[in-house]
Amino acid sequence: MTAEEKARVRCLQRLSYARLLAVSALLANLAFFAPVKAMDEVRLQAAVASLGDGADAQRLEARVADLVKSGDQIELAKLAEQIRMKDGDFLDILAKFYEQPEQANAMPGWQQIALSMGPCHYANAAIRIVAMTIANGTHPAIRNGVVMIDGTEVDNIFAESMHRCELIARLPKSTRQVGSSCAMTGDCADDPDLMEQQ
């Protein structure tokens, strides 16, 4: 490995921790729908299991990208509402867990469930946050056919998590339609959020 490649790897490792903090902050600040509702362990496990499907994240990525590119705000708002209804409680708990990790002790089984989450779970959570963020009025950029949300890391967290999910779950690799592939390719020229950090 050359010195340049080693420097790139060190930079990407630092970015991974920063991205985790960034998605946590975004989750915490997304003006979630209601006060956190208690979820029993069975419902919590079911929510986590439903977010473990990498193919679902791929389908949702394609849908979000199509709606953004076509400018269909009505369908995007409907999609965001469906996400809120189905996954809102879990995403809210995930935000609270990262915001106040000490609260995890108050939720039965949460620590074990959190530890069981892998890249497909994070990809599914991130693409749902992307959809809700855009539906809530954040204007995305489209660069080279890829949807990006400048000023946040959630699109890049999705792209990186989805890449890992596809490898681990042995899914057919799809061309990223949301988020930068910088973490996988080292080419960060299209994403101002990542260019600033290099």
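Predicted model: local features only at pLDDT ≥ 70, side-chain atom pairs only at ≥ 80, totals over all residues.
Buried, as used here, means under 20% relative accessible area. By that cut-off Glu61, at 1% relative accessibility, counts as buried. A search of the whole structure finds 13 salt bridges, and a few of them are picked out below.

- Let's start with Arg176, which lies in the loop between α7 and α8.
- Is Arg176 buried or exposed? Arg176 counts as buried, because its relative accessibility is 9% and buried means under 20%.
- Which residue meets Arg176 in a salt bridge? That partner is Glu61, with 2.9 Å from N to O between the two side chains.
- Arg176 sits in the loop between α7 and α8 (182–185) and Glu61 in helix α3, so this pair ties together parts that are 115 residues apart in sequence.
- The side chain of Arg176 also makes a polar contact of 3.1 Å with the side chain of Glu166.
- Ser174 is another partner, its side chain making a polar contact with the side chain of Arg176 at 2.9 Å.
- Leaving aside neighbours within four places in sequence, the residues in contact with Arg176 are Glu61, Val146, Phe158, Ala159, Met162, His163, Glu166 and Ser181.
- One of these, His163, is 13 residues from Arg176 in sequence, and the C-alpha atoms of the two are 8.6 Å apart in space.

**Helix α3 against helix α7**

- How do the axes of α3 and α7 cross? They come within 10 Å and cross at roughly 140°, which makes α3 oblique to α7.
- The crossing in which α3 passes α7 is left-handed.
- On the α3 side, the contact is made by Gly54, Ala57, Gln58 and Glu61.
- On the α7 side, the contact is made by Phe158, Met162, Cys165 and Glu166.
- Glu61 of α3 and Glu166 of α7 both take part in this helix contact, and you have met each of them in the list of residues in contact with Arg176.

**Helix α3 against helix α6**

- Helix α6 covers residues 119–135, and its axis comes within 9 Å of the α3 axis, the two crossing at roughly 20°.
- The two helices α3 and α6 are therefore roughly parallel to each other.
- Their crossing is left-handed.
- From α3, the contact is made by Gly54, Asp56, Ala57, Leu60, Glu61, Val64 and Val68.
- From α6, the residues making the contact are Cys120, Ala123, Asn124, Ile127, Arg128, Val130, Ala131 and Ile134.

**Salt bridges within a helix**

- In helix α3 (residues 54–70), Asp56 and Arg59 are 3 residues apart, so about one helical turn separates them.
- Asp56 forms a salt bridge with Arg59, and the closest N and O atoms are 3.8 Å apart.
- Asp56 is partly exposed, with a relative accessible area of 22%.
- In helix α7, Arg164 and Glu160 are 4 residues apart, so they too are separated by about one helical turn.
- The side chains of Arg164 and Glu160 meet in a salt bridge of 2.7 Å, N to O.
- Arg164 counts as partly exposed at 42% relative accessibility, whereas Glu160 is buried, with a relative accessible area of 8%.
- Which residues do salt bridges with shared partners join into one network? They are Asp53, Asp56, Arg59, Lys86, Asp87 and Arg128.

**Asn156 in helix α7**

- Asn156 is found in helix α7, which covers residues 154–168.
- With a relative accessible area of 1%, Asn156 is buried.
- A polar atom of the Asn156 side chain lies 2.9 Å from the backbone nitrogen of Ser180.

Definitions and conventions:
Residues numbered from 1 in each chain as written. Heavy atoms only, no water. Buried < 20%, exposed > 50% of the residue type's maximum accessible area, 1.4 Å probe, protein only. Polar contact = N/O pair within 3.5 Å; in protein donor to acceptor, adjacent residues only side chain to side chain. Salt bridge = Lys/Arg side-chain N within 4 Å of Asp/Glu carboxyl O. Axes fitted to C-alpha atoms, helices over the stretch in contact; angles between N-to-C directions. Parallel < 35°, antiparallel > 145°, perpendicular 65-115°, else oblique. Left-handed = near helix turned anticlockwise from the far one by under 90°. Contact = heavy atoms within 4.5 Å.
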